[in-house]
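Please look over the sequence and the structure before reading on.

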Amino acid sequence: MTGIFTYRSFSMGNTSALNGRVAVMTGGQGGIGKEITAQLLVHGIEKVIIIARSEDKYITAREEWKHRAGISLENDTRTEFVKCDLGDIQDVKSAVEKIKQVTDRIHILVCNAAISVQNEYKHSPQNIERVFATNCVGHQVLATALLPLLKNGVMHGNDVRIVVTSSSFHFWCQQLDMDLLFSSSRVKWPALYDGIWRYGRSKLGNILFAKELSRRLLDDQDPASKQIYVNSFFPGNIVTEQWLAWNFSFGSFLGWLIRTIGSRLGQSVRDGAATALYLAASSEVRERKHRGQYFIPIATLCKPSAISEDMKLARDLWDWIDVQATESLGLDWQYR
């Protein structure tokens, strides 16, 4: 999917007003997340809580938002920063407690933060492969622990949205063996292919997470759960700072060439944010009953890989992550 073949099924101007709503954004201070946050602010969001590792990047982004047409940040409470390493289950739970001190309701949760393609092979504090721990495990723990606040957001006739950023790279992974997530070293060679494959594995995990969470909410006896719409999307081939990682694989010249070609053929940052805004705010999501679906730019329903539609695998992955969280946080961690 390139910018040449962008399906313009939604215009940012059609975004509903978001007055009175509260959003939580992971990675909302950089890359595509920074533009998604900007668009939420442009469309009147009451508050955006940014979950990220770098407060310096948040401060820089906030200065950019202040000078952006259509955004008023005179009221300092419209954006809030919560420091969190999504790759650490303990840190995610601590971030949830901080969020609960800021708000008692959430209307939009955007699970966007991600570690991109990495040549280095690292583990999380819970000994899970780092990319998967950050991109998948952290987001499931976060969403699960925030469910009471998300259900509170359903009150007063509002529905609630959970938007999960995935990628076309999920097609690179055609097998998901949970045992390999504890591997002490890379399982594919060379290092570049392993890095792409591990990133693709995490993006497959994102789609499976969205589908399984959607299923669980529909099966929940709480009526509020059925008013929470969960979907995933591929923002497009967008040249952000993460593309600097290609320098480590191909050298500075080829890295520059890849970014230059990508910027010519890929989507703009605004186009990349548009699908997220559609899933977060458009009434069509509710009217067309979009649940557990996968979208490509812009706001276009698309069939993902066959393995990403394996609901048994989705349940197995959910249960596996739940076990990791329980071992780290104790029994009934979701309700504490």
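Predicted model: local features only at pLDDT ≥ 70, side-chain atom pairs only at ≥ 80, totals over all residues.

Strand S5 covers residues 160–165, and six of its six residues are buried. Val 160, Ile 162 and Val 164 point one way from S5, while Arg 161, Val 163 and Thr 165 point the other way. Both sets are buried. Strand S4 (residues 108–111) runs parallel to S5 and is joined to S5 by four bridges. Cys 111 has Val 164 as its bridge partner in S5. The order S4, H4, S5 forms a right-handed β-α-β unit.

Strand S6 takes up residues 228–233; six of its six residues are buried, so S6 is largely enclosed by the rest of the structure. From S6, Ile 228, Val 230 and Ser 232 point one way and Tyr 229, Asn 231 and Phe 233 the other way, and all are buried. S5 and S6 run parallel and are joined by six bridges. Within this pairing, Val 230 in S6 is the bridge partner of Ile 162, and Val 164 stands opposite Ser 232.

S5, H5 and S6 make a right-handed β-α-β unit. Helix H5 consists of 29 residues (residues 191–219); at 1.5 Å a residue these should span 42 Å, and the end C-alpha atoms are 42 Å apart, which agrees. In H5, 22 of the 29 residues are buried, so the helix is largely enclosed by the rest of the structure.

## Nonpolar cores

Which residues touch the most other members of the largest nonpolar core? They are Ile 99, Leu 109, Val 141, Leu 146, Leu 150, Ile 162 and Ile 228, in a core of 57 residues. Helix H4 (residues 130–152) gives the most to this core, with 12 residues. Apart from this core lies another of 38 residues, among them Leu 73, Val 110, Ala 281 and Ala 299. In soluble globular proteins, nonpolar side chains tend to be buried together.

Leaving aside residues up to four places away in sequence, Ile 99 touches Val 24, Ile 49, Ile 51, Val 82, Ile 106, Leu 142, Leu 146 and Leu 149. One of these, Leu 146, is listed with Ile 99 among the core residues that touch the most other members. Ile 162 and Ile 228 are on that list too; Ile 162 points from S5 on the side of Val 160 and Val 164, and Ile 228 points from S6 on the side of Val 230 and Ser 232.

## Gly 138 in helix H4

Gly 138 lies in helix H4. Its relative accessible area is 1%, so Gly 138 is buried. The C-alpha atoms of Gly 138 and Ile 89 are separated by 6.2 Å, although the two residues are 49 residues apart along the chain. Contacts of Gly 138, not counting residues up to four places away in sequence, are with Leu 86, Val 92 and Ala 133.

Thr 79 is in strand S3 (residues 79–83). With a relative accessible area of 3%, Thr 79 is buried.

Gln 267 sits in the loop between helix H7 (252–265) and helix H8 (269–281). Is Gln 267 buried or exposed? At 6% relative accessibility, Gln 267 counts as buried. The side chain of Gln 267 reaches the backbone nitrogen of Asn 237 at 2.8 Å.

Note on methods:
Residues numbered from 1 in each chain as written. Heavy atoms only, no water. Helix = DSSP H or I, 4+ residues; strand = E, 2+ residues; numbered from the N terminus. Expected span 1.5 Å × (residues − 1). Buried < 20%, exposed > 50% of the residue type's maximum accessible area, 1.4 Å probe, protein only. Core = buried A, V, L, I, M, F, W, Y, C linked by side-chain atoms within 4.5 Å. Contact = heavy atoms within 4.5 Å. Pairing = 2+ DSSP bridges. Right-handed = clockwise from strand over helix to strand, strands pointing away. Polar contact = N/O pair within 3.5 Å; in protein donor to acceptor, adjacent residues only side chain to side chain.
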